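Here are my notes on the model you sent over. Have it open while you go through the points.

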Amino acid sequence: MAKLKTTFFCQNCGSQYSKWQGQCTACKEWNTITEEVIQKPEKSDWKTPDSSAKRSSKPLLINEIDASKEARLDTQDDEFNRVLGGGLVPGSLTLLGGEPGIGKSTLLLQISLKLPYKTLYVSGEESQKQIKMRAERINANTSNCYILTETKTQNIFKQIESLEPDIVVIDSIQTLHSDYIESSSGSISQIKECTTELIKFAKETATPVILIGHITKDGNIAGPKILEHMVDTVLQFEGDRNHVFRILRANKNRFGSTNELGIYEMQGSGLREVSNPSELLISQKDDDLSGNAIAATLEGMRPLMIEVQALVSTAVYGTPQRSATGFNAKRLNMLLAVLEKRAGFRLGAKDVFLNITGGITVDDPAIDLAVVAAILSSNEDVSLQKDFCFAAEIGLSGEVRPVQRVEQRILEAEKLGFATIFVSKYNKISLKNTQIKIQLISKIEDVVDLII
């Protein structure tokens with residue numbers, strides 16, 4: 001009997017070593033290197049075809065390559081289609097990652113039940129009865145979705161060969177194992193081997209495959225980094241389980257843009273597509289309250305109107321507190337310094353708390369002006385008009401800087417009924433006949449005069 005070949009892998013980053021050592025030199029983690037068997041008896045192809053019958057590929061001139069647009073499969077989910085770039089590409093491999101309990105399995109089961117194509121949903125984590133209970137809660141009636149509970153790839157491919165599905169969903173890649181690798185499910189070598197077999201199947205049969213992947217405590221896809229390089233699309237399902245919103249974004253997409261994102265609302269009957277998230281992110285209130293401002297931001301290619309809340313109060317202790325939820329705390333400190341230096345507001349001895357409503361995190365610098373307006377409103381205890389919104393960046397010298405795609409933000413604000421939007425006068429705006437008033441400002445001092 002041939003001797004088994006083993007090597008050592010870091011379970012955190014996937015680095016390979018010839019012998020065991022205490023610390024991984026790549027990711028600097030301790031006690032993460034384990035021994036794994038990487039070679040067993042000779043393996044066959046997923047379908048054991050005659051390799052000699054295959055035609056080898058030949059080099060072609062770039063002008064001779066067919067550049068016709070790839071036909072896509074409609075998933076019947078507008079948000080999912082948008083993030084993918086228009087739908088599933090035949091033969092593609094898509095990896096969906098996210099926190100435990102965030103709704104990954106619910107999302108893909110919901111899509112599988114709505115698909116008009118023959119779909120095989122393979123689960124290595126739940127029984128068929130559990131999946132049936134979830135399907136009844138989602139209330140999606142279909143006769144095209146087949147459920148298989150299996151973790152061994154060889155058995156999965158036997159069922160695929162007999163069923164010949166149009167789409168395959170795997171929940172999850174960390175639960176699969178192949179007979180050709182000796183190590184346990186979820187190990188580095190098993191994930192690489194199972195993914196390689198699925199890629200070969202997808203490319204040879206032009207069948208799209210969607211994988212669910214676990215993530216580590218750092219938020220990265222569990223397993224080797226090469227897993228993300230091997231697949232065609234990497235999707236991240238994000239959100240706080242304490243809030244109802246879920247955001248689907250693409251970290252990598254070989255067939256479309258990574259700027260798009262989809263927004264869902266978690267309900268008792270599953271995930272609901274949110275076509276107009278601005279209305280949900282802005283609280284409906286009758287009273288005039290200080291410290292609230294509306295910002296016109298962009299998430300990917302979509303304009304959103306979000307509510308910024310600020311609270312400025314006298315510091316109880318010697319050192320004032322600076323706290324931000326959903327916003328960069330260092331940028332908050334910078335804006336406070338600009339307000340003190342350029343506008344003359346003494347905020348050095350006051351606590352400042354900032355919150356982006358809806359439980360989302362925003363990195364767009366265009367909300368700087370809304371943050372400043374909310375802080376000034378709370379500091380002076382003067383409420384802003386409800387039909388005001390803001391879209392501009394603040395520079396260190398107190399100038400109001402232009403932001404990208406400002407016309408898209410203006411049109412979104414007008415659609416939602418805002419009367420005035422504050423933008424930088426250095427923006428080039430070609431819009432005409434708009435109902436919304438466009439207030440052009442150049443310095444932070446102008447903002448103080450207009451809103452206070």
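This is a predicted model: local features need pLDDT of at least 70, side-chain atom pairs count only at pLDDT 80 or more; totals for chains, interfaces and linings use all residues.

1. The side chain of Ser-123 reaches the backbone nitrogen of Glu-126 at 3.1 Å.

2. Residues are numbered from 1 along each chain as its sequence is written, and side-chain values use heavy atoms, with hydrogens and water left out.

3. Ser-123 counts as buried because its relative accessibility is 2%; buried means under 20% relative accessible area, exposed over 50%, partly exposed in between (1.4 Å probe, protein chains only). Leaving aside neighbours within four places in sequence, Ser-123 is in contact (heavy atoms within 4.5 Å) with Ile-131, Leu-148, Thr-149, Glu-150 and Asp-171.

4. Ser-123 sits in strand β5; strands (E, at least two residues) and helices (H or I, at least four) are DSSP runs numbered from the N terminus. Five bridges join β5 (residues 119-123) to β7, and the two run parallel; strands pair if DSSP finds at least two bridges between them. Ser-123 stands opposite Asp-171 in β7.

5. How many residues of β7 (residues 167-171) are buried? Five of its five. Ile-167, Val-169 and Asp-171 point one way, Val-168 and Ile-170 the other.

6. On to β8 (residues 209-213): four bridges join β7 to this strand, again running parallel.

Methods
A polar contact is a pair of N or O atoms within 3.5 Å; within protein, one must be able to donate a hydrogen and the other to accept it, and residues adjacent in sequence count only if both atoms are side-chain atoms.
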